[in-house]
Amino acid sequence: MVIRTKMGFFGRISAGWIVCALFAAFVLSGVAEAASPYQEIMSKWERKGAYTDQGELGRLEVKVIYYSGEYIEALLNEEAQKNMWTADELERYKYNLLKTLNLNETIPFMVEFNNNGPSMHMAPFNEQIALWVGTKKLTPVDYDKRFNFKLQGKREGMVSFPKYDAKTGKLNLQGAKTIKLTMASGIHDYLKGEISYLWDVSKDNPQKLYQGKAASRLELDRLIARIKKLTDEKTELEGKIAGIDKELITVQQRVDELQKQ
C-alpha cells in the first residue's frame, strides 16, 4: 500500500509538471506572438508561389512583396520593437527607408526567386515583368539589374513602377481597387503560363506615412532638389538670352552699316 501511495504521489507530480509545462509553453507562445503583432499585417502584402515539373528534383519558389503604406508602417513598427528604438531612431530609419523606396515617384515591389531547377534567363528583366492597373500596363522605371544574369539559387531585388502617368501627370493608382503583377512564362522552363499576383489597394493610403520628422526631411530634400533644378534651368536660359543679346547687337551693327551706305 505504501508503495502504491508513493507511486501515485509521484505520478501526480509528473502529471502536474506536464500540465505546468504545457501551460508555460502556451503562455510563451502567446508572448512570442504578442512580440511580433505586425507579421500578420505584413503577410497580407506578400504573395508566394512554388513551381516544379514532373521528373525534376528541384523547384522554383517565387515571393513578391508590394510595399503598400500598411506594409511599410508595419515594417517600421516591427523593426522599432525588435531593436527597441527611440522615437528619433525610428524617424531616422523611416527617413532612410522612404528615401530608398522613392515612394514619391514610384510604386515599389520586392521580388525574390529561389531557383533549384534549371537555370533562369530573364534578360532584359524589365520586359518580363509588368504591373496592371485595370487594363493599363505599367513597365518598370527601375529594377535590380542582377535579374538580367543567369540565376541559379536565391536572388532578391527591388522593382519599381511609375507612380504618375507620363502624359497626364495623374496618379497611376488613383481610383484603383486591385492591381496585378505578372511575369512572363519564359523566365523558367517549369512555367506553363505567366505568373500572376493580385493585391487589393482600395483602402491603402501610402501618403499617411508622410508625417513627422522623416516626412519633413524628405520634403526638404525634395525642395532642395527642386531649387537645384530650377537654378540649372535659369542658368541655361540666361545663357540662351546672353547669346540672343549678342546676336542682336551683331545684327543691329550690320543694319546700321547698311543704312549709312
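Visitor: E79 and K82 in helix α3: how many residues apart, and what's that in helical turns?
Guide: They are three residues apart, so about one helical turn separates E79 from K82. The model is a predicted one.

Visitor: What do the side chains of E79 and K82 form?
Guide: They meet in a salt bridge, with 3.2 Å from N to O.

Visitor: And is E79 buried or exposed?
Guide: E79 is buried, because its relative accessible area is 16% and the buried class is under 20%.

Visitor: What about K82, buried or exposed?
Guide: K82 is exposed, at 55% relative accessible area.

Visitor: How many salt bridges does a search of the whole structure find?
Guide: Twelve. One of them links K44 and E70, whose closest N and O atoms are 3.1 Å apart.

Visitor: Why does the K44 and E70 pair tie parts together?
Guide: K44 sits in the loop between α2 (39–43) and β1 (46–51), while E70 belongs to helix α3, so the pair connects parts 26 residues apart in sequence.

Visitor: How accessible are those two? K44 to start with.
Guide: K44 is partly exposed, with 45% relative accessibility. E70 is also partly exposed, with a relative accessible area of 27%.

Visitor: Which residue forms a salt bridge with D232?
Guide: K228 does, and the closest N and O atoms are 3.1 Å apart. Both residues lie in helix α5 (residues 212–260), four residues apart, which is about one turn of the helix. D232 is partly exposed at 41% relative accessible area, and K228 is exposed at 53%.

Visitor: Switching to pockets. What's the volume of the largest one?
Guide: About 390 Å³. Its lining has 20 residues, and those nearest the centre are K163, L171, L173, D204 and P206.

Visitor: Which strand gives the largest share of that lining?
Guide: Strand β3 (residues 106–120), with three residues. By class, the lining of the largest pocket has eleven nonpolar, seven polar and two charged residues.

Visitor: And how much space is in the second largest pocket?
Guide: About 250 Å³. It is lined by 15 residues, with K44, W45, E70, K203 and D204 nearest its centre.

Visitor: Which elements supply at least two residues of the second pocket's lining?
Guide: α3 (69–83) and β9 (195–200) each do. α3 gives the most, with three residues.

Visitor: How do the lining residues of the second pocket divide by class?
Guide: Four are nonpolar, three polar and eight charged.

Visitor: OK, the core. How many residues in the largest nonpolar one?
Guide: It has 47 residues, and F113, M183 and W199 have the most contacts inside it. The elements giving two or more residues to this core are β2 (60–66), α3, α4 (87–101), β3, β4 (129–133), β7 (151–162), β8 (178–183) and β9. β3 provides the largest share, six residues.

Visitor: Where is Y67 found?
Guide: In the loop between β2 and α3. Y67 counts as buried, at 13% relative accessibility.

Visitor: What does Y67 touch, leaving out residues up to four places away in sequence?
Guide: Y67 touches I72, L75, L101, L103, P108, F109, M110 and M158. The C-alpha atoms of Y67 and I107 are 7.6 Å apart, although the two residues are 40 residues apart along the chain.

Visitor: What is phi of M84?
Guide: Phi of M84 is positive, about 55°, although M84 is not a glycine. M84 lies in the loop between α3 and α4 and is exposed, at 72% relative accessibility.

Visitor: And phi of N102?
Guide: Phi of N102 is positive as well, near 55°, and N102 is not a glycine either. N102 is in the loop between α4 and β3, partly exposed with a relative accessible area of 32%.

Methods: Residues are numbered from 1 along each chain as its sequence is written. This is a predicted model: local features need pLDDT of at least 70, side-chain atom pairs count only at pLDDT 80 or more; totals for chains, interfaces and linings use all residues. Side-chain values use heavy atoms; hydrogens and water are left out. On a 1 Å grid over the protein atoms alone, a cavity is a set of points where a 1.4 Å probe fits but cannot get out, and a pocket is an open set with protein on both sides within 12 Å along at least five of seven lines; lining residues have an atom within 4 Å of a point. Grid points are joined across faces, edges and corners, and a volume is the space filled by probe spheres set on the points. Ala, Val, Leu, Ile, Met, Phe, Trp, Tyr, Cys and Pro count as nonpolar, Asp, Glu, Lys and Arg as charged, and the others, Gly among them, as polar. A salt bridge is a side-chain nitrogen of Lys or Arg within 4 Å of a carboxyl oxygen of Asp or Glu. Buried means under 20% relative accessible area, exposed over 50%, partly exposed in between (1.4 Å probe, protein chains only). A nonpolar core is a set of buried Ala, Val, Leu, Ile, Met, Phe, Trp, Tyr and Cys residues joined through side-chain atoms within 4.5 Å. Contact means heavy atoms within 4.5 Å.
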